[in-house]
Amino acid sequence: MAAGTTPVFVAVDIGASSGRVILGRLTDAGPELDTVHRFPNGAQFLGGALRWDVDALVAEVLVGLRRAGEATARTGATVMSIGIDTWAVDYGLVDDAGMLRHLPFSYRDGRTAASIDVVHDAVPPGQLYARTGLQFLPFNTVYQLAAERSLQGVQALLIPDLLAYRLTGERRTEATNASTTGLLDAATGTWAEDFFAPLALSPELFPPLVEPGTLIGRLLPAIASETGLPADTAVVAVGSHDTASAVAAVPADTPHFAYISSGTWSLVGVELDAPILTAESRTANFTNERGVDGTIRYLRNTGGLWLLQECLREWSIEGPEPDLAGLLAAAADLPPDGPIIDADSTDFLAPGSMPARIRRAAGAAPGGLPTREAVVRCILDSLAAAYARTLRDAVRLSGHRIDVIHVVGGGSQNALLCQLTADRTGLPVLAGPVEATALGNVLVQARAAGLLDGGPGSSGPLLAGIRAAARRSARTVRYEPAERPAATARVPSAT
């Protein structure tokens, strides 16, 4: 890097419904993020199944990288590296020539229904959990792989690894995302290789594992030429599971916190030093996913704002675009203790007819859900109840003390949801940052470039430098719990 130039990091942050390309730089006041490109995303029915159009995603990423190059050229800054994060579990199958066998399936496709028993017959569920510590979800990668017709002559690249491959030509498997496959040993952070043969999987199915902060490769000449970025621009592994990046950027100043990464899904849990692989933890359906610096994200994948997003989509089809702010205000005025549904139910997994499904689920409640605002309030009450239930279980199973809940991601902007969460848990909620995933992505890159302290092998708490930087820029809103009836169960702050 030339003397006097400002280092800039590019975060490619793609969720199940949208994507962003974001420039990040470190300043004396803390990290600054600047979104240079936003684009929609979503699974599409292609070839009779729900799939991801990877070529379209790559095209959007290239648009974003080109805009990043143009923006830095105007200011004289230098793009130091690029990091990519996406949702988990899904993958593409790439042959020796680098061609996709087929467009990647979406986790919301129902193709794994018949493969779950196939996996469990080969490796019993208790044995799977004792090694991988992964929450049972019908779309975990291991069940998707069992549904493939053939895995001969291909490698499986998880979605962020597939995108990195398209940029660099290098194949790697980033560890935080690998921990969502159901094939990674939760204690060692290496592949559970003795599971591969019983499941008819090749030990070479996945490329080599790398940790966040590792150099994956440099831009291919054609990519550098198309984007205008320097040919030696690095692509660096970050917490490529978007939740791993989001949790890394939680602006906590105490280890005694819980987090809710709130978006399409809600990832609710605590950060631990080691996995919990007990039968009780498995029964509670908690997962042990790897975080940045080898931490363990002990969490449960619960229902999320997908329910609200789908309702808004359905209502927009029926008539004018719904006024979300107005619906939330009207929902806040409704009395508490209305109908509660199981927001975690797989009945809500697929798209389509969401308001009707929610009304049916709440049908036994007196009065039902007569209005749109009643549906919205039911969704948010149900999510808050699920959060409280999950955090009570997390404390019981881990013994981890919770003094505060950090809500990050898009859901941190939903004031009603944050207040209901404080009320249901009896704990203060700190909401923000909204772009926690991109922030964590950028800060891991900055630390890899030597601009932040900390990391494995250093003295002091893991993630300390990243979290200190996050606190310098985070704008959080605090929600205190309101008085609730004595019958409302609270999350214990300690065991």
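Contact here means heavy atoms within 4.5 Å. Keep that in mind as you work through this predicted model.

**Exercise 1.** Find out where Thr-86 sits, whether it is buried or exposed, and which residues it touches.

*Solution.* Start with the place: Thr-86 belongs to the loop that links β6 (78-85) to β7 (91-95). Next, check the accessibility. Buried means under 20% relative accessible area, and Thr-86 has 0%, so it counts as buried. Finally, list the contacts, skipping residues up to four places away in sequence: Thr-86 touches Ile-14, Ile-159, Pro-160, Leu-163, Ser-240, His-241 and Asp-242.

**Exercise 2.** Work out the strand order of the open six-stranded sheet, and say which strands stand at its edges.

*Solution.* Go across the sheet strand by strand and you get β3-β2-β1-β6-β12-β11, with mixed pairing. Now look at the two ends: β3 (30-40) and β11 (215-218) each have a single partner strand, so one side of each has no neighbour in the sheet. From one strand to the next, the twist averages 25°.

Then zoom in on one pair. Strand β1 (residues 7-14) and β6 run in the parallel sense and share seven bridges. Take Pro-7 as an example: its bridge partner in β6 is Thr-78.

**Exercise 3.** Describe how helix α1 (residues 54-75) meets helix α5 (residues 159-168).

*Solution.* Begin with the axes: those of α1 and α5 come within 11 Å and cross at roughly 60°. That angle makes α1 oblique to α5. As for handedness, the crossing of α1 and α5 is right-handed.

Now pick out the residues that make the contact:

- From α1: Val-54, Asp-55, Val-58, Leu-62 and Leu-65.
- From α5: Leu-162, Leu-163, Arg-166 and Leu-167.

Sort them by class and the contact of α1 with α5 comes to seven nonpolar, no polar and two charged residues.

**Exercise 4.** Locate Val-61, decide if it is buried or exposed, and name its contacts.

*Solution.* First, the location: Val-61 is part of helix α1. Second, the accessibility: Val-61 has a relative value of 4%, so it counts as buried. Third, the contacts: setting aside neighbours within four places in sequence, Val-61 meets Val-12, Ile-14 and Val-21. Val-61 and Phe-39 are 22 residues apart along the chain, and their C-alpha atoms are separated by 9.1 Å.

Terms used. Residues numbered from 1 in each chain as written. Predicted model: local features only at pLDDT ≥ 70, side-chain atom pairs only at ≥ 80, totals over all residues. Heavy atoms only, no water. Axes fitted to C-alpha atoms, helices over the stretch in contact; angles between N-to-C directions. Helix = DSSP H or I, 4+ residues; strand = E, 2+ residues; numbered from the N terminus. Parallel < 35°, antiparallel > 145°, perpendicular 65-115°, else oblique. Left-handed = near helix turned anticlockwise from the far one by under 90°. Nonpolar A, V, L, I, M, F, W, Y, C, P; charged D, E, K, R; others polar. Buried < 20%, exposed > 50% of the residue type's maximum accessible area, 1.4 Å probe, protein only. Pairing = 2+ DSSP bridges.
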